[in-house]
Amino acid sequence: TGWVSSNTKYRDKVQSVYSLAAELETLGIKDVISRIKASTQNAHYTSIPVIRSVYKAVKQLGFKSGKILEPSAGIGNFFGAMPFAMRSQSNLFGVELDEITGNILKYLYDDANIQVKGLQQTSLPESYFDLVISNIPFGSYSVYDKVLDNAKEKKHLNRIHNYFFAKAIKL
C-alpha cells in the first residue's frame, strides 16, 4: 500500500525483502527490517574488479602474506577475491558491525577470525596486522573508541572514515 506509480517497478523486490525479513524473524532474528534500514548508509558492495586492482597494488608494494584484517568486511568480498597464494599463506581477521551480514561472513569464511561488532568494540592488538584492507564506511559522523580517546587524535575523528584510517594505522 502507498505505492506511487513511479515506484511500482521496485514493488516486487521490496516485497521479497519483507518476505525474507519475516522468515528470518520466525528463525529468531529480530528487527530485521530496522537493521536493514540502519545499515543502508554504509552497506556498500565493492566489485571484484576493483578489489583485484587493490590487490594488484598491494602486491606491487611487496606484500605477499601475513596477518590480514578487513575492518568493515561485509560478506567478505576482499577475502573472496584475495589471490590464492596470499590467502593460503595468511591468517584472516574480519570485523563486521551488522549482525546478519557478519553471520554470513562467518559462514562463508569459517577459517577466519571474525568478530561481529563495531570496530570500536573489538580488542584487536595494536601493531599486530601486516595488512588492513577494506572498503571502509565514509560519512560525517563519528564513533567513540576508548583506545583513540585523546585530544590529539579525537579532534580528527569526527568523520567515520577518519576513524577507520586512524584505527587501521594503530592495528
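Me: What is the accessible surface of the chain, and what share belongs to carbon and sulfur atoms?
Reply: In this predicted model, the accessible surface of the chain comes to about 11000 Å². Carbon and sulfur atoms account for 54% of that area.

Me: And how many residues are there, with what percentage buried?
Reply: The chain has 171 residues, and 32% of them count as buried.

Me: How many helices and strands are there?
Reply: The chain contains 8 helices and 4 strands.

Me: How many bridges hold β2 and β3 together?
Reply: Strand β2 (residues 91-96) and β3 are paired in the parallel sense over 4 bridges. Within this pair, E96 stands opposite V116 of β3.

Me: And how many join β1 to β4?
Reply: Strand β1 (residues 67-70) is joined to β4 by 2 bridges, and these strands also run parallel. I68 faces L131 of β4 there, the two standing opposite each other.

Me: Which hand does the unit of β2, α6 and β3 have?
Reply: Those three elements make a right-handed β-α-β unit.

Me: Let us look at Q115. Where does it lie, and is it buried or exposed?
Reply: Q115 lies in strand β3. It counts as buried because its relative accessibility is 19%, which is under the 20% cut-off.

Me: What is Q115 in contact with, leaving aside its neighbours within four places in sequence?
Reply: Q115 is in contact with G94, V95, E96, T122, S123 and L124. E96 is also the residue opposite V116 in β3.

Me: Changing topic: how many salt bridges are there, and which residues form one?
Reply: The count comes to 1 salt bridge. D111 and R87 form it, with their closest N and O atoms 3.2 Å apart.

Me: Where do D111 and R87 sit in the chain?
Reply: D111 is in the loop between α6 (99-108) and β3 (113-116), whereas R87 is in helix α5 (residues 84-88). The pair is 24 residues apart and links distant parts of the chain.

Me: What share of the contacts join residues at least 24 apart?
Reply: Among contacts between residues at least 6 apart in sequence, 56% join residues at least 24 apart.

Me: Now helix α1. How does its span compare with what its residues should give?
Reply: Helix α1 (residues 11-26) has 16 residues and, at 1.5 Å a residue, should span 22 Å. Its end C-alpha atoms are 23 Å apart, which agrees.

Me: Which residue with a positive phi follows α1?
Reply: That residue is G28, whose phi is near 100°.

Me: What is the phi of S127, which is not a glycine?
Reply: S127 has a positive phi of about 55°. Most residues other than glycine have a negative phi.

Me: Where is S127, and is it buried or exposed?
Reply: S127 is in the loop between β3 and β4 (131-132). It counts as exposed because its relative accessibility is 67%.

Definitions and conventions
Residues are numbered from 1 along each chain as its sequence is written. This is a predicted model: local features need pLDDT of at least 70, side-chain atom pairs count only at pLDDT 80 or more; totals for chains, interfaces and linings use all residues. Side-chain values use heavy atoms; hydrogens and water are left out. A salt bridge is a side-chain nitrogen of Lys or Arg within 4 Å of a carboxyl oxygen of Asp or Glu. The expected span of a helix is 1.5 Å times one less than its number of residues. Two strands pair if DSSP finds at least two bridges between them. A crossover is right-handed if, with the strands pointing away from the viewer, the path from the first strand over the helix to the second runs clockwise. Buried means under 20% relative accessible area, exposed over 50%, partly exposed in between (1.4 Å probe, protein chains only). Contact means heavy atoms within 4.5 Å. Accessible areas come from the Shrake-Rupley method with a 1.4 Å probe; for residues, only the protein chains shown count as cover.
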